[in-house]
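Please look through the structure shown below before reading on, and keep it at hand so that each residue can be found as it is named.

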Amino acid sequence: MRFENLKPYFPWITLVALVLLVGAFNPSFLSLSSMVSLVADIVPLFIMALGMTFAIYIGGIDLSMQQVANLVTVVATVYLMQFGVFVGLICVAAGFLIGAASGWITTRQFVPSFVATLAMGFIALSGARFLSGERALSMNAEARDASFAWMFGNTGGVPHEMVIAGVLLALAWFLQTRTTFGRALKAVGSGELAAISSGLNVDRIKILAFALSGTFAAIAGLMFSVKLSGGDANLANGFLILAIVAVLVGGTPLTGGVGGVINTLVGTLIVVVIRSAMVYLEIDATMQQMVFGVILIVAIALTIDRSKMRIVK
Amino acid sequence: MYQLKKVDKKFPGVHALKAVDFTIGRGEIVGLVGENGAGKSTLMKVIYGAYQPDGGTVTIDGKTVRFQNPRQAMEHGIGMVFQEQSLITNLTVMENVFLGFEQQFVRFGVIDWKAMAAAARHQLQKVKLDIDPAMTTAKLSFAQRQLVELAKVLTLEERIDGDLVILLDEPTSVLAKEEVELLFSLVRELTSRASFIFVSHRIDEVLELSDRIYVMKDGEVVDVVDHDAAEVDAIQRKMVGRDVDKEYYREQKQKPFDPSSALVRFDAVSVAGNYQNISFDLHPGEVLCLVGTEGSGREAILRTIFGLEKPSSGSVIVKGSPYSKATARAAVERGVGYVPRERKIEGIVNGMNVYENMTLSQMANYASNGVLKIAEEKALARQWIERLSIKTPDVYKDCGGLSGGNQQKVVLAKWRSGGSDVILLDHPTRGLDIGAKEDVYDMVREMSDAGAGIVLVADTLEEAIGLSHTIIVLKDGVFQKRFDGSPGDKPSLFDLVHHMI
């Protein structure tokens, strides 16, 4: 086996090795119940990472996701009383529109996606701060339970948030592997010029990819908001870097075209294991961002396809 | 003084240089000719240090040298004047001339611009260019930039001991006639300072300028002729290496086309900056070949048919109506298929497998409500793998890992299986070996038998003549002449070359 052939399995190997390693230090980590609670805990992050996968799969990136999620927590909290469960639709629509706007700016105004989404992120942040009046808002507990209690129930030991994550993963996987849209995403990610010469509407595909990442960010935000029973312009902070790390560590490189949503599942699990390992190893909470920053750099350096990037700026 | 002995260079699947011997003496001008893919560029890259040879030796004045990069070659007096100009257009002329060698003008950590300007003026004098060295390069004409490039290379004279060897890569391809003559007289004068290697596809120019001419074919030097003994005819025959065989281009399979209807109709079409006032009809079953040098507008015409270029005047009718909005998508929907020159970048998607590539342009035919019918895709791929004898282990093989010829077959299968009947071929045989070329020629004949109209920009003139029913010769974007090429009554190379240049 050559190194290149092994590369696709790296994320799996890493995951198993990490689980065993942490398990060796702390056998209780390997118990089913602790694992389930650990996994259920990171569902919003996983959903955000799923959305990020679409942006990175086409060779772009979406830096607005965290702010979109922030905005959505505020929107959900503010309008819950008025619209009940339908506030979810408003949130999803907001995410879709912000993502589509980033896509439009990228494809039609030729602003690279990292700038376009960064800028849209700040616009969303402003919206969140304005709407919340820069305060931490809390949800009306009755209205929340009436509309969204189903999100965090538990049926036969299976937490509902895990079911939601599973459904979204299946949906994203189906979209990626079984639909013309998914095939087009792959073509754009691995050979955009060939996709254009085959008559694909590349701009529309890219706009939709960013719209999808915005949508997933909104769903993640909604779950946060319900879980923490409130909204705040900073609620989802810290999750952007984790989502990017999850996608890249999972094996979807920044250059796009390979990897996908299953990889992101593995990547997210790796992130979770590392995070809980840091707790077990009593690494100071203030160090976490630094550790993930370093992992991000290493992950990109290891996975990037240099033949596709002649110039790095 | 500068010598290559038995130099070999291999790339995956291609033996680009086969034991090449090459010598150049002090003050000599050596010509280098060959068809596309004969190994000229590879040889040049070995000479100026961009490639390292796999075998053989490079010696300067008897001493063996090995260059890891162009900079090391420059330090040994070897400079390159690039065809695609290497000047950075937003810098001034002097900054370009001394790019990478500014240290000599640095005083107390800052550049002494006056000293640099004076030095640049001295260099520009060598090429008789009287311009302000502080001018922005973008403001110069193309010919002037070429001279600045030459001046840049001539700075080596002051910088190194020993002799200079300067490579000129197609220096005349975009110059007007008078400019070419000026350049030539300049080069002759400069032989007192340097030796020159002159690479061009214009054989007459090479003959005029060079003391000695190396003729390359398939990675080998097949002949070395002296200026006095050189004849265009003989050199051309050596370049091709054979009298062109009629069967090679499947001429016996060429059938008359149906002139009563037109698939594509160009009526006085211009694209500003590319070509002007071009008219032709493409009929079912016709192979129409656009002939001209690089930049003559042939590729732009293909791009116009494919909707990638908007005509600035005139009308383009594809299958009965003009494009309402010119995009590649609109063209594909009308049954136009494009086989681009950059096969690995625009032709196939590197990273997608055989069936994914074949259905990429026609996914709607293999999906219902956006959900792909992958089994049908695979069946299609198997059918075309069989039909075109594509060499691939299975339909799951990444197309990036196929050989060039098989990649090309996948691209052709993509268009033909989708029912495209206007096929645009841009250098379809570039970089293919002979067997793969013949496969492509067979496919061209099959497609025109099936009633497809083909617009071809060929890799070589022989290919253009051999394959086409109709030849349109272009020069600088202007129509020159139209030839009919029914089998047995084909125009000759010289008929074409005469109108191209």
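This is a predicted model: local features need pLDDT of at least 70, side-chain atom pairs count only at pLDDT 80 or more; totals for chains, interfaces and linings use all residues.

The paragraphs that follow go from the nonpolar cores to a pair of helices, then to a single residue, and finally to the contact between the chains.

The largest nonpolar core has 165 residues, among which Met48(A), Ala243(A) and Leu456(B) touch the most other members. The element that gives the most to this core is helix α11 of chain A, covering residues 202-228, with 17 residues. If its neighbours within four places in sequence are left aside, Met48(A) is in contact with Met65(A), Ala69(A), Phe216(A), Ala217(A), Ala220(A), Phe239(A) and Ala243(A). In soluble globular proteins, nonpolar side chains tend to be buried together.

Next, turn to two helices of chain A, α5 (residues 65-83) and α6 (residues 87-108), which pack at an angle of about 150° with their axes 8 Å apart. Because angles over 145 degrees count as roughly antiparallel, α5(A) is roughly antiparallel to α6(A). The crossing of these two helices, α5(A) and α6(A), is right-handed. On the side of α5(A), the contact is made by residues including Val68(A), Leu71(A), Val72(A) and Phe83(A), while α6(A) brings residues including Val87(A), Ile90(A), Gly95(A) and Ile98(A). Sorted by kind, the residues of this contact of α5(A) with α6(A) are 13 nonpolar and 1 polar, with no charged residue.

A single residue can now be followed in more detail. Although Phe210(A) and Ile58(A) are 152 residues apart in sequence, they are 9.5 Å apart in space, C-alpha to C-alpha. Leaving aside neighbours within four places in sequence, the contacts of Phe210(A) are with Ala55(A), Asp62(A), Gly99(A), Ala100(A), Ser102(A), Gly103(A) and Thr106(A).

The last step is to see where the chains meet. Here 23 residues of chain B are in contact with 19 residues of chain A. On the side of chain B that touches chain A, at least two residues each come from α11 (328-333), α12 (343-347) and β19 (371-372) of chain B, and α11(B) gives the most, with 5 residues. The residues of that side of chain B divide into 14 nonpolar, 5 polar and 4 charged.

How values were computed. Residues are numbered from 1 along each chain as its sequence is written. Chains are lettered from A and ligands numbered from 1 in the order in which they are written. A nonpolar core is a set of buried Ala, Val, Leu, Ile, Met, Phe, Trp, Tyr and Cys residues joined through C-beta atoms within 7 Å. A residue is buried if 20 or more other C-beta atoms lie within 10 Å of its own, exposed if 12 or fewer, and partly exposed in between; C-beta atoms are placed from the backbone. Helices (H or I, at least four residues) and strands (E, at least two) are DSSP runs, numbered from the N terminus. Two residues are in contact if their C-beta atoms, placed from the backbone, lie within 7 Å. Ala, Val, Leu, Ile, Met, Phe, Trp, Tyr, Cys and Pro count as nonpolar, Asp, Glu, Lys and Arg as charged, and the others, Gly among them, as polar. Axes are lines fitted to C-alpha atoms, for helices over the stretch in contact, and angles run from 0 to 180 degrees between N-to-C directions. Angles under 35 degrees count as roughly parallel, over 145 as roughly antiparallel, 65 to 115 as roughly perpendicular and the rest as oblique. A crossing is left-handed if the near helix is turned anticlockwise from the far one by less than a right angle, and right-handed if clockwise.
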